[in-house]
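Please open the structure in a viewer and keep the selection tool at hand.

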Amino acid sequence: MTPAPPAPNGLRALPGAGLLALLLVLALVNAAAVRVNDFRVFHTAGQRVLRGEALYRAEDAAYPFKYAPVVGLLLAPVGALPLRPAKLLWEIGSALALFAFLRQAARLAAPAPTRAANALAAVLLLPYLWHVFSLGQIDGFLLGAIALSDRWADRRPALSGLLWSLTVLTKPPYLVFVAAALVARQGRRLAALVAGLAAGLGLPALVWGWGQNLEVLHAWRAVLGRTTPELFCASSNQSFWAIGCRYLGPGLAGAAAGAAVGTLALAGATAWAVRAAPSGARDTVTSSCLGATALVSPLGW
Amino acid sequence: MALAPLVLGLLATLSRAEAPRWARAVAAAAVAALAGVALLTAEIVPRDTFVFWLNLRHYGLAALAATLAALAVRAPRAYSQPMTTSSM
């Protein structure tokens with residue numbers, strides 16, 4: 001890690017070239033690997049868009065494309081490349097996005113992290129970083145996007161809201177950041193979010209036509225409706241919903257109770273921390289929302 | 001990974017001599033839990049053991065505990081120094 005420019009309190013260090021090098025090494029090692037599980041979903045989606053084929057298909061079984069249709073359109077450049085070069089670019093892009101996210105994480109942290117804390121955090125996160133790269137997941141891009149959205153919330157609210165809308169169209173649990181935007185009174189950012197969501201849902205009609213766009217949106221909703229409930233209690237799911245299934249009772253009732261109890265606990269703890277330290281309210285709520293994204297999501301993502 | 005800001009706060013609390021003793025104890029326990037979970041994630045234990053812990057929802061519970069701990073230690077630090085360098 002290289003030290004960042006001195007912070008007002010003289011202690012805060014941001015991750016630097018050392019972390020970027022680590023992320024790029026992880027990206028390149030995994031770009032060369034044969035394993036492509038999750039990445040194949042994104043590559044296939046891009047190919048289907050280019051061929052004019054249906055995005056959402058029952059035969060995709062364990063690896064369905066679950067994201068908004070516009071995300072499929074944005075993946076067209078990925079699908080235009082052969083699998084290996086596409087995966088290489090995907091991994092490098094993911095490394096850069098994760099680097100942006102981890103720098104923003106250091107800005108949000110309190111107390112201010114030192115170089116040693118940044119290095120230790122990288123060690124603790126290493127298994128998860130490896131997981132993202134080895135599967136070719138999209139989460140690095142989403143974390144980078146929400147980090148940049150947060151960073152630009154005041155200076156570039158329109159761009160900030162549009163970036164945020166892309167994360168929501170990919171994974172709806174990113175809507176929890178509405179809490180952070182309300183606390184910080186980011187009206188223009190929220191307006192840009194709404195505009196981005198409307199554009200993301202409507203603009204694909206320019207490609208597919210209004211009728212077919214509606215059909216594709218219905219197909220997206222059907223995929224989510226079909227695949228989400230069966231995963232509420234899956235062992236791989238680690239959200240509040242799944243914790244509820246394990247400890248509060250089986251099925252939807254236990255899952256919903258877990259989600260309610262967990263969300264209330266998180267909201268209560270966040271409110272307490274904000275009340276105890278009002279000067280850091282905005283960063284506290286943003287940090288809490290980041291943690292909540294996975295925990296409140298029915299699927300644990 | 002989304003917990004990174006909170007995890008950094010926990011680690012920073014551990015390294016601050018001026019942090020209250022209770023805050024450092026809470027941070028140490030949370031970091032130990034996260035380290036244990038990270039070791040399980042690294043697949044250094046037998047598959048059956050990993051699945052046993054997975055069924056107990058060890059990731060989710062550790063994440064919740066770390067989040068609550070990080071929020072608890074975040075507040076007292078804010079009284080004496082700036083919370084952020086961000087220009088957001």
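This is a predicted model: local features need pLDDT of at least 70, side-chain atom pairs count only at pLDDT 80 or more; totals for chains, interfaces and linings use all residues.

A:Ala145 counts as buried because 22 other C-beta atoms lie within 10 Å, the threshold for burial being 20 or more. The residue belongs to helix 7 of chain A. Which residues does A:Ala145 contact once its neighbours within four places in sequence are left aside? They are A:Leu163, A:Leu166 and A:Thr167.

Next, colour chain A by its domain assignment, which gives domain 1 as 17-227 and domain 2 as 229-301. The C-alpha centres of domain 1 and domain 2 of chain A are 21 Å apart. Domain 1 of chain A supplies 13 residues to the contact and domain 2 of chain A supplies 15. On the domain 1 side, select helix 9 (residues 178-183) of chain A, which gives the most, with three residues. That side of domain 1 comprises 10 nonpolar, one polar and two charged residues.

From helix 9, move on to A:Arg185, in the loop between helix 9 and helix 10 (187-202) of chain A. A:Arg185 is not a glycine, yet its phi is positive, at about 55°. Is A:Arg185 buried or exposed? It is exposed, with 10 other C-beta atoms within 10 Å, and a residue counts as exposed at 12 or fewer.

**Where chain A meets chain B**

Display both chains and select the contacting residues: 53 of chain A and 43 of chain B. On the chain A side, the elements that give two or more residues are helix 5 (83-108), helix 6 (115-135), helix 7 (139-151), helix 13 (240-247), helix 14 (251-276) and helix 15 (281-296). Which of the elements of chain A gives the most to this side? Helix 15 of chain A does, with nine residues. By class, the side of chain A that touches chain B holds 31 nonpolar, 15 polar and seven charged residues.

**Chain B and its helix 1**

Chain B has four helices and zero strands, so to be read from the N terminus as α-α-α-α. Of the 88 residues in chain B, 45% are buried. Among the contacts in chain B between residues at least 6 apart in sequence, 66% join residues at least 24 apart.

Now select helix 1 (residues 4-14) of chain B. Because 10 of its 11 residues are buried, helix 1 of chain B is largely enclosed by the rest of the structure. The buried residues are B:Ala4, B:Pro5, B:Leu6, B:Val7, B:Leu8, B:Gly9, B:Leu10, B:Leu11, B:Ala12 and B:Thr13.

From helix 6 of chain A, the residues A:Ala117, A:Leu120, A:Ala121, A:Leu124 and A:Leu125 meet B:Ala4, B:Val7, B:Leu8, B:Leu11 and B:Ala12 of helix 1 of chain B. The contact consists of 10 nonpolar residues, with no polar and no charged ones.

**Two loops to finish**

Between helix 5 and helix 6 of chain A lies the loop that holds A:Pro111. The peptide bond from A:Ala110 to A:Pro111 is cis, with omega near 0°.

Finally, select B:Arg57, in the loop between helix 3 (47-55) and helix 4 (58-78) of chain B. B:Arg57 has a positive phi of about 65° although it is not a glycine. B:Arg57 counts as buried because it has 24 C-beta neighbours inside 10 Å.

Definitions and conventions
Residues are numbered from 1 along each chain as its sequence is written. Chains are lettered from A and ligands numbered from 1 in the order in which they are written. Two residues are in contact if their C-beta atoms, placed from the backbone, lie within 7 Å. Ala, Val, Leu, Ile, Met, Phe, Trp, Tyr, Cys and Pro count as nonpolar, Asp, Glu, Lys and Arg as charged, and the others, Gly among them, as polar. Axes are lines fitted to C-alpha atoms, for helices over the stretch in contact, and angles run from 0 to 180 degrees between N-to-C directions. Domain bounds come from an automatic or database domain assignment.
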